[in-house]
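Work through the exercises below with the sequence and the model open. Each task is followed by a solution in steps.

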Amino acid sequence: MTTANVTRDGPQTETYIDALCFPSFVDGLQQKSISFCAVSILFSITALLGNSLILIALHKESSLHLPSKLLYRCLATTDLLVGLVGQPLDATYWKSFANEGWNLCRFALDAKFIIGTVLCSVSLLSMTAISLDRLLALLLGLRYRQIVTLKRTYVIVAIFWVLSGVAGLCFILDYRITLWYWYIIIPSCIVMSIASYTKIFRTLTHHQAQIQDSVQQQPSQTNQLNIARYKKAVNSAVWVQLALVVCYAPYLLVEITLAYIKTYSLHLVVIRGIAVILVYVNSTLNPFLFCWKIYEVRQAVIQIIRQVFRCPWS
């Protein structure tokens, strides 16, 4: 197994980047680099097409609550940018690695880290906001539309982008700053999401028990339909969040490991490449989850596809 001890005096960022653009790994990774490059290009195309379709569908769909739709559009936008910027940078990194273009390798890797931090952070924060939005819809009832307004949601989304942008730019100063940002933001988002969905399911269970125990007072059909629709909205959000956690967790574990070890092996670099691909799968997977779990989006997508493939003479 090829290993390399690239530890030297200086910022930890240099040690970390040198390990991923290290000449000693070329012989063992040249063929794999070409494969990783091809896979990145493939998922770049699928992410671009899928999320472009979702954004068009969300723009056309008018039945979804506007603040909730904005959060889904923000998530789809980050996935679109992954396909437009993140994955081409990853393909450039692997191509330059295979061709031993170390200056381009370092540039592509630095840019990929910064862009990846921004987009991953916005995705994670957006998913947390979606879980809180579903909780507020349940707890606030009729006051929900008065409190959760489109203007306030725009402000929150803007804060997400600014905060994530600062975290990404901190990578230029010291990678450890960005790492500590992840140490804080990931547990916080996970705890808030778990707490929100736990509260939602407990409240729904209690509400269902009250309905079953009530003999004289029967729920109206409108209330039943609203509860059923709300459950579908929560279910779709849970699926999207689970997909994000499953796809991102291996990558984050590898990044933390690489940031603190001193000797880097060929196998570890390959594992990191696979973990990055899994992250890209999430950007391709989300459009399918939107179509599968959100009826309004699915209908809009079907309509768009029919319009695109409609014969001019029909």
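**Exercise 1.** Does serine 193 count as buried or exposed, and why?

*Solution.* The model is a predicted one. Step 1: find the residue; serine 193 lies in helix H7, which covers residues 175-213. Step 2: take its relative accessibility, which is 4%. Step 3: apply the cut-off, under 20% for buried. Serine 193 therefore counts as buried, at 4% relative accessibility.

**Exercise 2.** Identify what serine 193 touches, leaving out residues up to four places away in sequence.

*Solution.* Step 1: list the contacts; they are Thr128, Ser131 and Gln241. Step 2: look for a polar contact between side chains; one of 2.8 Å joins serine 193 to glutamine 241.

**Exercise 3.** Check the length of helix H6 against the span expected for its number of residues.

*Solution.* Step 1: H6 runs over residues 150-173 and has 24 residues.

**Exercise 4.** Describe how H4 and H6 pack, and say why their arrangement has the name it has.

*Solution.* Step 1: helix H4 (residues 102-140) packs against H6 at an angle of about 150°, and the axes are 8 Å apart. Step 2: angles over 145 degrees count as roughly antiparallel. H4 and H6 are therefore roughly antiparallel to each other. Step 3: the crossing of the two helices is right-handed. Step 4: name the residues that meet; from H4 they include Phe113, Val118 and Leu125, and from H6 they include Phe160, Ser164 and Phe171. Step 5: look at burial in H6; Phe160, Ser164 and Phe171 are among its buried residues.

**Exercise 5.** Summarise the protein as a whole: how many helices and strands does it have?

*Solution.* Step 1: there are 10 helices and 2 strands. Step 2: their order along the sequence is β-α-α-α-α-α-α-α-α-β-α-α. Step 3: 48% of the 314 residues count as buried. Step 4: among contacts between residues at least 6 apart in sequence, 81% join residues at least 24 apart.

Technical notes:
Residues are numbered from 1 along each chain as its sequence is written. This is a predicted model: local features need pLDDT of at least 70, side-chain atom pairs count only at pLDDT 80 or more; totals for chains, interfaces and linings use all residues. Side-chain values use heavy atoms; hydrogens and water are left out. Helices (H or I, at least four residues) and strands (E, at least two) are DSSP runs, numbered from the N terminus. Buried means under 20% relative accessible area, exposed over 50%, partly exposed in between (1.4 Å probe, protein chains only). A polar contact is a pair of N or O atoms within 3.5 Å; within protein, one must be able to donate a hydrogen and the other to accept it, and residues adjacent in sequence count only if both atoms are side-chain atoms. Contact means heavy atoms within 4.5 Å. The expected span of a helix is 1.5 Å times one less than its number of residues. Axes are lines fitted to C-alpha atoms, for helices over the stretch in contact, and angles run from 0 to 180 degrees between N-to-C directions. Angles under 35 degrees count as roughly parallel, over 145 as roughly antiparallel, 65 to 115 as roughly perpendicular and the rest as oblique. A crossing is left-handed if the near helix is turned anticlockwise from the far one by less than a right angle, and right-handed if clockwise.
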